[in-house]
Amino acid sequence: MLNKMFDLAAYFSRNNTLLERCLTEYLDSSANARLLEAMRHSLMAGGKRLRPNLCIAACEAVGGDPEGAFPVACAMEMIHTYSLIHDDLPAMDDDQLRRGRPTCHVAFDEATAILAGDALHTLAFQVLASMKSKRPEHALEVIRIIAVAAGPSGMVQGQMLDMQSEGRTLAPEDLQHLHALKTGAMIEAALAAGAIVAGGSPPQVDAIREYGRAIGLAFQVVDDILNVEGDPAVMGKAAGTDRVRRKNSYPTLWGLEKSREFAHNLTQAAIESLSDFGFEAEALRTIARYVIERDK
Ligand code: GRG
């Protein structure tokens, strides 16, 4: 009932307009023109902006002013975009299409794409370290959480495990561990950072992290399902690649029906972890439902 009252499309649209503006401003630097063009090509290609929206929604859930979360939200999107640029490289997935555009190395060249990813990664931490905060210890904690999630104990490790597992069948718990690192860590960090920057209490941050772990996994399960049955024209990226590359995925492990049921149960668990929050967490609840209903 309540979710019918929450217009998620309008929420994303409002946030994304502001995010595009902020990201454009952050890109307006003294960097080399071709490097900037490559960074802009990937960053401003109109992804779903899920992580920044989660960051803003977590900030609002604990009663914060969303404006304070924008630098963190933008930094998360920069790190996410760097990871996509590097993931698409010939040495990794060798993909040609991303966000409806030629991948960065196709539009430019491989070396420029590597540097564009490096530059977005570093710019994110420049933005975070330049945040104006009344509570510097909150800013420091946010930087630490994001670095852990993106680095060798988080996303990069997940990517390494993914590479090492190609062509091998993983046990369900190993697949879950891989995804918790590769995809889940950044989603959980975006949420935790949004709540912390807004001064959320430790129990609030814990509840939001629990929500994040559940929707992070649900997001990945749906990503695997879309890789089987999604429409490349809608998704703006190729489908069917997991099968070709013999990647471990939930549909391969369990089939489509059981995978859908698993994603649904995770969404329910995510919503339940927000039981102590009121209507201010409605964006988070509605995003949880969107994660399993999405078609891109
Ligand atoms: C190269 C260090 C490094 C890490 C790469 C993010 C990632 C790790 C790989 C991307 C490949 C992939 C399909 C991951 C699973 C789910 C995922 C992160 C999908 C892309 O995120 P979306 O759907 O993309 O939020 P948009 O473009 O909407 O932002």
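## Basis of the report

This is a predicted model, in which local features need pLDDT of at least 70 and side-chain atom pairs count only at pLDDT 80 or more, while totals for chains, interfaces and linings use all residues. Residues are numbered from 1 along each chain as its sequence is written, and side-chain values use heavy atoms, with hydrogens and water left out.

## Helices α7 and α8

Helix α7 covers residues 110-129 and helix α8 covers residues 136-150. Helices are DSSP runs of H or I with at least four residues, strands are runs of E with at least two, and both are numbered from the N terminus. The axes of α7 and α8 are 10 Å apart, and the packing angle is about 165°. That angle makes α7 roughly antiparallel to α8. Axes are lines fitted to C-alpha atoms, for helices over the stretch in contact, and angles between N-to-C directions run from 0 to 180 degrees. Angles under 35 degrees count as roughly parallel, over 145 as roughly antiparallel, 65 to 115 as roughly perpendicular and the rest as oblique.

On the α7 side, Phe125, Leu128 and Ala129 meet Val142, Ile143, Ile146 and Ala147 of α8; contact means heavy atoms within 4.5 Å. The residues of this contact comprise seven nonpolar, no polar and no charged. Here Ala, Val, Leu, Ile, Met, Phe, Trp, Tyr, Cys and Pro count as nonpolar, Asp, Glu, Lys and Arg as charged, and the others, Gly among them, as polar.

## Helices α3 and α7

Helix α3 (residues 33-43) also packs with α7: their axes come within 9 Å and cross at roughly 75°. With this angle, α3 is roughly perpendicular to α7. From α3, Arg34, Leu35, Ala38, Met39 and Leu43 meet Thr112, Leu115, Ala116, Ala119, Leu120 and Leu123 of α7. Nine nonpolar residues, one polar and one charged make up the contact of α3 with α7.

## Cysteines

A disulfide is a covalent bond between the sulfur atoms of two cysteines. With the criterion of two cysteine sulfur atoms within 2.5 Å, a search of the whole structure finds zero disulfides. The closest cysteine sulfur to that of cysteine 55 belongs to cysteine 59, and it is too far for a bond because the separation is 7.2 Å. Cysteine 74 is in no disulfide either, since the nearest cysteine sulfur, in cysteine 22, is 4.6 Å away.

Cysteine 55 is buried at 0% relative accessibility, and cysteine 74 is buried with a relative accessible area of 1%. Buried means under 20% relative accessible area, exposed over 50%, and partly exposed in between (1.4 Å probe, protein chains only).

## Loop residues

The loop between α5 (70-87) and β1 (97-98) holds aspartate 94, as well as proline 90. Aspartate 94 has a positive phi, near 55°, although it is a residue other than glycine, and it is partly exposed at 40% relative accessibility. Proline 90 is partly exposed, with a relative accessible area of 35%. Not counting residues up to four places away in sequence, proline 90 touches His105 and Glu110. Proline 90 and histidine 105 are 15 residues apart along the chain, and their C-alpha atoms are separated by 8.4 Å.

Arginine 99 lies in the loop between β1 and β2 (101-102). Its phi is positive, about 55°, although arginine 99 is not a glycine. Arginine 99 is buried, with a relative accessible area of 15%.
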